[in-house]
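I am opening a notebook on this structure. The entries below record what I looked up, in the order I looked.

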Amino acid sequence: MDIAADRSSSEKSVDKRPAGILPDRARPHSIQVERAVLAAMLREPDSCINLVIEKFRSEEVFYVTAHREIFKCIIELHNKDNSATDMISVAQRLREKNKLEAVGGEVYLADIFESIATTVNLESWCQILSKYATLRKMIDVCSGSLSKCYDSDADAIKLVEEIETDIYNVRGGEQSQSILNIAELVKDEFKVLCEISQGKHEVGIPTGFAPIDECTGGLKPGEMFVLAARPSIGKTSLALNVLRNVAFNAERPRPVAFFSLEMTGPQIARRLLCTESQIPESVFWNHSFQDSDLVRLTSAVTRFKNAKIFIDPTGGITIAEMRAKARRLKMQHNIELIVIDYLQLMHADGRIESRQQEVAEISGGIKKLAKDLEIPVLVLAQLNREVDKATGAGSRPKLAHLRESGTIEQDADIVSFLHRDREESKSATIGSSVEAEWIIEKNRNGRTGNFKLLFYPSRMEFLPASPCSEEFAPGQKSG
């Protein structure tokens, strides 16, 4: 058999590309590199096959159909107990599947085997194939998107969300896995737990409130952290305090995103600036601003120059719009925390029969966003009026007081409440504080408890009152 002719026949068999986008051009690929990777797997199966498996999730990384079949056959033999993975075994396996001649026969396998002199560059070859596979996936997504855009009946907003999701999946597809082996997971988590116990691994992002971090482990990746309260209690101020602590962390400042459905961008900037400079906003309104205040204000502005705080003040944003914006922020700025103010002001996509169903869809969408981006989401929520009817010294917000939907409680990993007496702040003087409580009512992966805070109404700042409240004890219930 003529090797050159056989090679030409095998390499003309390629995967089909979608119509409608550059039909006269071959999609990105390198036949030479594909042959080199297969040759490495055949030459040194013990060391090379495992490395390739780690890099590639499926045979689709190969452009040539024959190469895909050879790759699948090698993997099948590798996964089969006591099976040799060499050129003869691969040829026999292909023959059993009636695919040997389709891939070019034994001669083509021999030609592949002889195509390299060493396997030392295997890792770089895998990177090249991964790059080309990603480009081909982008072509598929873009071609499909063009076809969808010609549909005049399509919902434009949903279509944009769908396309952005497809593009994001291309970017992260190589890292995602659908089935995980518990043996590997346990081994990895054992190492993480040992590092945590030695203080070498951070469980979650510190909120800046040490007692809360000790109880919850901080803001953990993939978790939905709910902070709920009645209006005018200070949940936005507390959320902005946490956001500022994360963005200005002395050991490791992090990029953060704040979605505000209630306040404008300038209002948020002003609130952050006054809190950071320790200057009450009333100083500006009553014209009591002094030269010493200017120094503090200027210093605060300087600190914000390097802060990576991204604010989206879109009112009535939908969960689809938020997911799209969050994904872009993650790709462009690698944000590590999202804060949403607040859940009940958001809208679901499309027409929903009831408000309860809409809130349920929003809540589920927020939890999915946290898991997909692998970052924590701190979401503020409103409590219903029933909490105002509670009387007595021991009355506190409960999970049943979450407004409009019980699914918030179900979706959230942590549910907490901010509680204080609103009347006390009315009589507070500039620089004075009033007592407040941050109540961890549900904690899926840890303890619960009540923690004392001090609230300074003049500068909208919360600070921990003590390391731990009297109500909290190590033996308290877990979520």
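Helices (H or I, at least four residues) and strands (E, at least two) are DSSP runs, numbered from the N terminus. The model is predicted, so I note that local features need pLDDT of at least 70, that side-chain atom pairs count only at pLDDT 80 or more, and that totals for chains, interfaces and linings use all residues. Residues are numbered from 1 along each chain as its sequence is written, and side-chain values use heavy atoms, with hydrogens and water left out.

**Entry: helix α3**

I looked up which residues of helix α3 (residues 45-55) are buried, and found Pro45, Cys48, Ile49 and Val52. Buried means under 20% relative accessible area, exposed over 50%, and partly exposed in between (1.4 Å probe, protein chains only). These residues are on the same side of α3, because they cover an arc of only 100° around the axis; the arc is that of the directions from the helix axis to the C-beta atoms. On the face turned away from that buried side I found the exposed residues Asp46 and Glu54. The cover over the buried residues of α3 includes α2 (31-43), α4 (65-79) and α7 (122-149).

**Entry: aromatic pairs**

I searched the whole structure and got six aromatic pairs. Rings of Phe, Tyr and Trp (its six-membered ring) pair if their centres lie within 6.5 Å; planes under 30 degrees apart count as stacked, over 60 as edge-to-face and the rest as tilted. Phe62 and Phe71 have ring centres 5.0 Å apart and planes at 45°, so I list the pair as tilted. Phe62 and Phe71 are both buried. I also noted that ring pairs link Phe56, Phe62 and Phe71 into a cluster.

Phe209 and Trp438 make an edge-to-face pair, with 5.5 Å centre to centre and 80° between the planes. Phe209 lies in the loop between α9 and α10 (210-216) and Trp438 in strand β7 (residues 434-443), so this pair ties together parts that are 229 residues apart in sequence. I checked burial here as well: Phe209 and Trp438 are both buried.

**Entry: Phe258**

I located Phe258 in strand β2 (residues 256-260). Phe258 has a relative accessible area of 1%, so I record it as buried. What does Phe258 touch, not counting residues up to four places away in sequence? I listed Leu240, Leu243, Ile268, Phe310, Ile311, Asp312, Val339 and Asp341. From C-alpha to C-alpha, Phe258 and Ile311 are 4.8 Å apart in space, and they are 53 residues apart in sequence.

Methods:
Contact means heavy atoms within 4.5 Å.
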